[in-house]
Amino acid sequence: MKLMLLPLVAALGLLWLPSRSAGEGFFHLEETTLTIPQVDYESAVYFDDGDPIPHIDLKKVRWDVVVQKEHRAVVLETEYLKLTLLPEMGRVYSMVYKPTGHETLWRNDIARPGGGNNDTGWWLWIGGIEYTLPGDEHGTTWALPWSYSVLEDGESRKAVRMQVTEPKTGLRERIDISVYPAEAGFEADIRIWNPGADTVRFAHWVNPMWAPGGANELTDNTEFIIPTERILIEERWQANMGPSPQVWPGNPLRFIANWPKMGDLMADGLSGGFFSAYSHDAEEGVVRVFDPLTNPGFDMWTYGFHPTDIPMGSGAPNKGYAEMWGGTVTRFPDEVRPLGPGASLTWTEWMYPYQKTGGLSFANQALAANCWVSDSGDSLYLAVCPARPLQDASVEIRSGGTVVLRQKLDAA
């Protein structure tokens with residue numbers, strides 16, 4: 001939905017008053033199996049004596065053999081979203097935006113392992129969204145078995161609970177993934193609990209591997225939207241990405257076309273509780289919404305523009321994806337925070353695709369919005385893409401303390 005508001009007299013303020021409505025339409029939960037091809041690596045996985053963390057001998061991987069791996073899967077589907085979980089991996093594997101039919105997450109055509117800077121020593125290039133403990137790159141929980149249950153299969157909510165215990169720290173993680181009728185995103189209620197008698201230091205990071213636009217790779221005009229004033233570049237990446245710190249507004253690194261090589265950047269503090277990747281080619285994006293006080297960290301990695309070394313299992317060329325990490329600490333990957341005996345940390349976050357806004361200025365759990373001023377300076381454009389039905393909502397334009405326009409906004 002796009003509105004043109006004329007004239008613009010001064011500074012503006014925007015106010016949305018959304019409400020959740022059940023609506024009508026397709027709403028479904030299904031437990032099923034999903035077969036995903038992978039290189040034959042499982043026989044190369046081993047455990048050291050007394051060490052509960054799985055490791056791998058990459059020299060023993062049968063790289064030329066592809067096997068069909070069967071996974072338990074849960075499909076949560078609304079009128080606008082089809083979400084596929086691999087709950088025994090604690091992973092969101094697929095997020096299809098039904099208005100466009102496009103997959104928003106990168107997925108490997110053949111899953112394959114590789115080295116990793118964490119306690120396991122490796123990582124699996126399979127794709128989707130992972131939830132990681134206890135810190136470092138990807139942590140250990142991606143490699144551990146999770147338990148799951150269907151929490152609710154009702155007319156107003158479909159929900160799955162996924163749980164894991166991180167053995168190095170003893171921390172327990174619980175994630176409740178929910179969808180609601182007529183909504184285009186999913187809600188994640190996350191709880192980290194320390195059941196032990198000692199204080200534990202940890203970091204939790206959410207790692208969505210985004211490729212909005214349906215091509216299973218970043219399109220050439222993909223923009224990265226981060227509400228921060230400055231970014232930091234680790235010394236090892238400065239040859240690829242420039243000095244540190246850098247001003248973020250107007251920074252060329254906002255667009256993948258200006259990443260000459262692979263690299264990593266970090267937000268030096270967040271001014272808002274959202275971040276996003278938006279494909280201007282497909283006019284489609286995806287956003288994570290969260291409380292920035294609980295999750296103050298942002299880190300981003302890509303392979304750069306038109307890379308040649310994406311680890312596709314088939315060896316096919318691919319332009320890569322954006323790992324846009326959100327964390328419970330500010331610095332990635334070494335910073336940790338304490339969690340006392342019996343204490344827990346809980347929060348709720350949302351993730352959803354959106355379209356036809358020309359980018360993003362603001363997002364919350366109800367909508368994505370973008371606003372911009374015309375070149376002549378006399379028109380304000382506002383584009384809104386709801387993530388849920390908006391009824392009896394309004395948009396306000398304010399100049400200082402004066403409301404210069406108020407308009408009713410009902411949208412689906």
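**Close-up views of pockets, cavities and a sheet**

**View 1. The second largest pocket.** The second largest pocket is lined by 19 residues, and those that lie nearest its centre are Asn-117, Glu-137, His-138, Trp-301 and Glu-323. This and every other view shows a predicted model. The volume of the second largest pocket is about 380 Å³. At least two lining residues come from each of strand 10, strand 24 (297-302) and strand 25 (322-327). Sorted by class, the lining of this second largest pocket consists of nine nonpolar, four polar and six charged residues.

**View 2. The largest pocket.** With a volume of about 520 Å³, this is the largest pocket of the model, and strand 2 (28-40), strand 5 (62-77) and strand 10 (122-127) are the elements that give two or more residues to its lining. Strand 5 provides the largest share of that lining, namely four residues. The lining of the largest pocket comprises 21 residues, of which Tyr-41, Glu-42, Lys-69, Met-89 and Ala-143 lie nearest the centre. By class, 13 of the lining residues are nonpolar, three are polar and five are charged.

**View 3. The largest cavity.** Two cavities of 30 Å³ or more are found in the structure, and the largest of them has a volume of about 50 Å³. Its lining is made up of Glu-183, Gly-185, Phe-186, Glu-187, Trp-350, Tyr-352, Gln-365, Ala-387 and Arg-388. Strand 15 (186-193) and strand 27 (344-355) each contribute at least two residues to the lining of the largest cavity. Four of the residues in this lining are nonpolar, two are polar and three are charged.

View 4. Glu-187, one of the residues that line the largest cavity, lies in strand 15. Because its relative accessibility is 10%, which falls under the 20% limit, Glu-187 counts as buried. The side chain of Glu-187 is in polar contact with the side chain of Tyr-180, at 2.8 Å.

View 5. Eight strands, in the order 12-13-14-15-27-23-22-18, form an open sheet whose pairing is antiparallel. Strand 12 (147-153) and strand 18 (222-225) stand at the edges, and each has a single partner strand, so one side of each is left without a neighbour in the sheet. From one strand to the next, the twist averages 15 degrees. Strand 15 and strand 27, which stand side by side in the strand order, are also the strands that each supply at least two residues of the lining of the largest cavity.

**View 6. The pairing of strand 14 with strand 15.** Strand 14 (residues 172-179) and strand 15 run antiparallel and are joined by seven bridges. Among the residues paired here are Asp-176 and Asp-189, the latter being the bridge partner of the former in strand 15. Strand 15 also holds Glu-187, whose side chain makes the polar contact with the side chain of Tyr-180.

**View 7. The second largest cavity.** The second largest cavity has a volume of about 30 Å³. The residues that line this cavity are Leu-218, Thr-219, Asp-220, Ile-256, Gly-304, Phe-305, His-306 and Lys-319. Divided by class, the lining of the second largest cavity has three nonpolar, three polar and two charged residues.

Note on methods. Residues numbered from 1 in each chain as written. Predicted model: local features only at pLDDT ≥ 70, side-chain atom pairs only at ≥ 80, totals over all residues. Heavy atoms only, no water. 1 Å grid on protein atoms, 1.4 Å probe; cavity = no way out; pocket = protein on both sides within 12 Å on 5 of 7 lines; lining within 4 Å. Points joined across faces, edges and corners; volume = space filled by probe spheres on them. Nonpolar A, V, L, I, M, F, W, Y, C, P; charged D, E, K, R; others polar. Pairing = 2+ DSSP bridges. Axes fitted to C-alpha atoms, helices over the stretch in contact; angles between N-to-C directions. Buried < 20%, exposed > 50% of the residue type's maximum accessible area, 1.4 Å probe, protein only. Polar contact = N/O pair within 3.5 Å; in protein donor to acceptor, adjacent residues only side chain to side chain.
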